[in-house]
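Please look over the sequence and the structure shown here before reading on. The report that follows takes a few selected places in turn.

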Amino acid sequence: MSEDDERQESPPSDLEFSSNKARNYNATGSGSGQPEIQSPYSDQVLENVLENVLHFLTSRRDRNAASLVCKSWYRVEALTRSDLFIGNCYAVSPDRATTRFTRVRALHLKGKPRFADFNLMPRDWGAHFNPWVLSMAKAYPWLEKVYLKRMSVTDDDLAMLSESFTGFKELVLVCCDGFGTSGLAIFVSKCRQLRVLDLIESEVVDDETDWISCFPEAESHLESLIFDCVESPINFEALERLVARSPALKKLRLNQHVSIGQLYRLMIRAPQLTHLGTGSFSPSEVAGQGDQELDYVTAFAACKSLVCLSGFREIVPDYLPAMYPVCANLTSLNFSYANITAEQLKPIIRNCHKLQVFWVLDSICDEGLQAVAVTCKELRELRVFPFDAREDSDGPVSEVGLQAISEGCRKLQSILYFCQRMTNAAVIAMSQNCPDLVVFRLCIMGRHRADHVTGEAMDDGFGAIVKNCKKLTRLAVSGLLTDKAFDYIGRYGKLVRTLSVAFAGDSDMGLKYVLEGCPQLQKLEIRDSPFGDAALRSGLHHYYNMRFLWMSSCRLTRQGCQEIANAMPGLVIEVIRSSDEEEMDDSVETLYMYRSLEGPRKDAPKFVTIL
């Protein structure tokens, strides 16, 4: 097979997959409800061997590699794939995907790039789910699961999901928009086997529809119900009845309209919960003082299986002692909406010896992080978010908290840390104390901030991270950084797959070091950095292997981007301006570049120019 043929046969790097371990069909397609599989080989023994080999490959990367062995493996791998992962909805068309993969039961689909979360992309850019649900309705009548991230989903899409797939069980919408409570009402009323409905950080329009009461009245199969992002009030009595008739319910995350008194009633109904999002964690105005008479401590104590707590919106600190009985069993605690102090945190955290995941606001200060470091020896993931995200705010956490965590939590694998000041010494200490780090995201708010003790650039700190943390795959850099930092990344970051850069670098050489030195790089997102056309050209050898490149407010020109488009016809290069901006001049505000088997998309809005 020629190199060009192989490229056409191979799925793009953002098309990945896995397979269910339990195979409930045979080579002749006699499984219930399954289409008949016609063998593409004359040798039936070879087909059976290949199917059984691929059956044990559950890793997306392993199965992707297996499909590239030869045409036989390519075809049989497609027949045995049940989980389809597409990291860019424009990398492949729905029709191409459904034609090749005929037995998919679960779809994992991503749309807009991550910088859309920071309002760096116009809302109506695209990533519509509609073409996918239309195609799947014809090809996958047995589809059971859909996971969407940063996609535009309409009420009609939800209705089609519920009507087209009679055995549909799981829907997860992360950072999605375009739908409302009326669409949810239709969806839940028709999905009688629904097990999972998770709405996570999505925008849900309030259509003044009581969607909770639309769940079928029969015994529910629900195992997970997450709606903490829904900003409109819900029918609590209907929710209470739903929880009562859902004996398999393990995960429940409530929105801010559920008071602590109502939470108590739900916990009494469902002591089997393992994951609980507490809602507001304060009394409702209607309930007044009546909520305080309830025995919240006993309600929490009865939930003996509880391992994950989140929510705590509009928190009243006086109620925090209610959660003390479950602290010893918690493996995950999310206080990222709770403006609590170190003194309020300490009596909680001192009992959380099993904690592995902890999200919190920086209101706990360095003192609170020091308390975490003393107790949480099993911590694997830490995220510290800013209570005040302004660049000129006086951040309450610093290098003191970071160093304490690195010294006390040596098993740490992932950290996201927002702060206003940092030192190279603290970052170097983390690289030495936590060598198992896979994710390191340090966000020093404010632009070009140096080591606040020495006044030097943060180059050596980030250099130590990529040098000492041999497993690192995701890195976000910030603060005053010169090209030296990017030289370190290119030299030592051989496993880095995702790199985020903001307000950093001196010249084109910085980006050149990264593109020439990081062979595993898949996702590169850059904003407000001095990288131009020469830097962009330095990655010509690698762009076909990447999922995407995003650059905004850099020094790109339209001519430079056009040169890349001419040299690499397999890439889609979008030049994006704001939706209210007139035709652009030669400077490029935003570049979004990705690989696609289909070529330019057909639904690009007017403010997107595809080169």
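## Two loop residues

Ser553 is placed in the loop between β21 (548-552) and α20 (558-567). In this predicted model, the phi of Ser553 is near 55°, a positive value in a residue other than glycine. Ser553 counts as partly exposed because its relative accessibility is 29%, which falls between the limits of 20% and 50%.

His448 lies in the loop between β17 (439-444) and α16 (459-468), and its phi is near 60°, again a positive value in a residue other than glycine. With a relative accessibility of 45%, His448 therefore counts as partly exposed.

Strand β3 (residues 106-110) pairs with β4 in the parallel sense over five bridges, and Ala106 has Lys145 in β4 as its bridge partner. Strand β5 (residues 170-174) also runs parallel to β4, to which five bridges join it, with Leu173 in β5 standing opposite Leu148.

Helix α6 (residues 130-139) makes a right-handed β-α-β unit with β3 and β4, and helix α7 (residues 155-164) makes a right-handed β-α-β unit with β4 and β5.

## Phe129 and the nonpolar core

The largest nonpolar core has 176 residues, and Phe129 is one of those that touch the most other members. Beyond residues up to four places away in sequence, the contacts of Phe129 include Val146 and Leu148, as well as Leu109, Met136 and Leu161.

Notes:
Residues numbered from 1 in each chain as written. Predicted model: local features only at pLDDT ≥ 70, side-chain atom pairs only at ≥ 80, totals over all residues. Heavy atoms only, no water. Pairing = 2+ DSSP bridges. Helix = DSSP H or I, 4+ residues; strand = E, 2+ residues; numbered from the N terminus. Right-handed = clockwise from strand over helix to strand, strands pointing away. Core = buried A, V, L, I, M, F, W, Y, C linked by side-chain atoms within 4.5 Å. Buried < 20%, exposed > 50% of the residue type's maximum accessible area, 1.4 Å probe, protein only. Contact = heavy atoms within 4.5 Å.
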